[in-house]
Amino acid sequence: MDERKTVILKVIIKSYLETGEPVGSRTISKLSGLNLSSATIRNEMSDLVEMGYIAQPHTSAGRIPTDKGYRFYVDSIMQENDRKITAVTDQMLQRVDKLEQLLKTIVKSLAVDTNYAALISGPSISTAKIKYLQLSIPGEKKILLILVLDGNVIKNEVVTTPESMDYETAMSITVMMNNYLSGLSLRDITPQIITDIMVQAGAHSGSVKCVLDSIVEMLEQGESQHDIFTSGAKNIFKYPELSDTDKASELISAFEEKDQLNELVNEVTSLSITEGSDSGNIRVYIGGEGPVKNMKDCSLITANYELGDGMTGVIGVIGPKRMDYEKVMKTLQNIKGQLNNSFSDKDSKG
């Protein structure tokens, strides 16, 4: 099937779907944009008849699609949709990589500018809404789930299923699940919605349940676990009151293990949600006021940033209690504004 025959076949099918009438060479000449003579079009149509894609109900009539022709048309549409989804997903994955590099650059710059230790978390998905999901088949009894959330955050996971699924079934289930889940956050996915999805899945309900479980698990994990990038931990040794072996060891441990930093990010994020954006979201923890026990000899200043679509993260600076509070707060405020604005600009352009 060459490109010219493909165009002619699609014109025949589209025209027949609209009118229910056999399609002649004159109609194809007008609609195909191929600039071919009627004789050439008739020759191509004869070839398509021999190949089994179209049929001629009467000697003097035009052509109508056969089952084989319809199958070619439907498969072409599904493949094109899959290519479009894949292209969008690839583009978003590139943006995720760029965002990660941006966050790493920012936290390194923050540590250098302040001469203290710094951290920044990736955007939280605790309240993120599902933009869309895509299912593909990497192997037998396997489904690759790609979940795209607000803020262009992408999560993916290979899901083991009780059955092997073909391409068409995966695409059909993808469309169905998007119809139900697009625009919903974790809190919006009610038991009734899950029941409705399972009913629609029919014989494939077992596999769909596995996918739903993975989606919920991804979103629940995103509420408590964050990607956290740090820089400048060695700056701690520049301050005599923190360079004591035990104190420094505790601080370095907190930076390396990340568990305590996750607790910090969760608390700051929770406070931000509770207090709302009017609070300014700049917070100062002095000594034991902070949520991280290993930082009881330090001061910690944090700020929340937003990357559009309600996606938020946390930036923070850790230093001695005698740190330059005014400079650090101004620096955080500037970085917060730059992050908010730069991401909004990228969204509006992309």
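Mentor: The chain contains 10 helices and 10 strands, where helices (H or I, at least four residues) and strands (E, at least two) are DSSP runs numbered from the N terminus. This is a predicted model, in which local features need pLDDT of at least 70, side-chain atom pairs count only at pLDDT 80 or more, and totals for chains, interfaces and linings use all residues. Residues are numbered from 1 along each chain as its sequence is written, and side-chain values use heavy atoms, with hydrogens and water left out. Of the 350 residues of the chain, 44% count as buried, that is, under 20% relative accessible area with a 1.4 Å probe, protein chains only.

Turning to the sheet: three strands form an open sheet in the order β4-β5-β6, and their pairing is antiparallel. Two strands are said to pair if DSSP finds at least two bridges between them. In general, strands of a sheet pair through backbone hydrogen bonds, either parallel or antiparallel. From one strand to the next, the twist averages 20 degrees, an angle that runs from 0 to 180 degrees between the N-to-C directions of axes, which are lines fitted to C-alpha atoms.

The pairing of β4 with β5 (residues 142–149) is antiparallel and extends over seven bridges. Within this part, Y132 has V148 of β5 as its bridge partner.

Notes:
Buried < 20%, exposed > 50% of the residue type's maximum accessible area, 1.4 Å probe, protein only.
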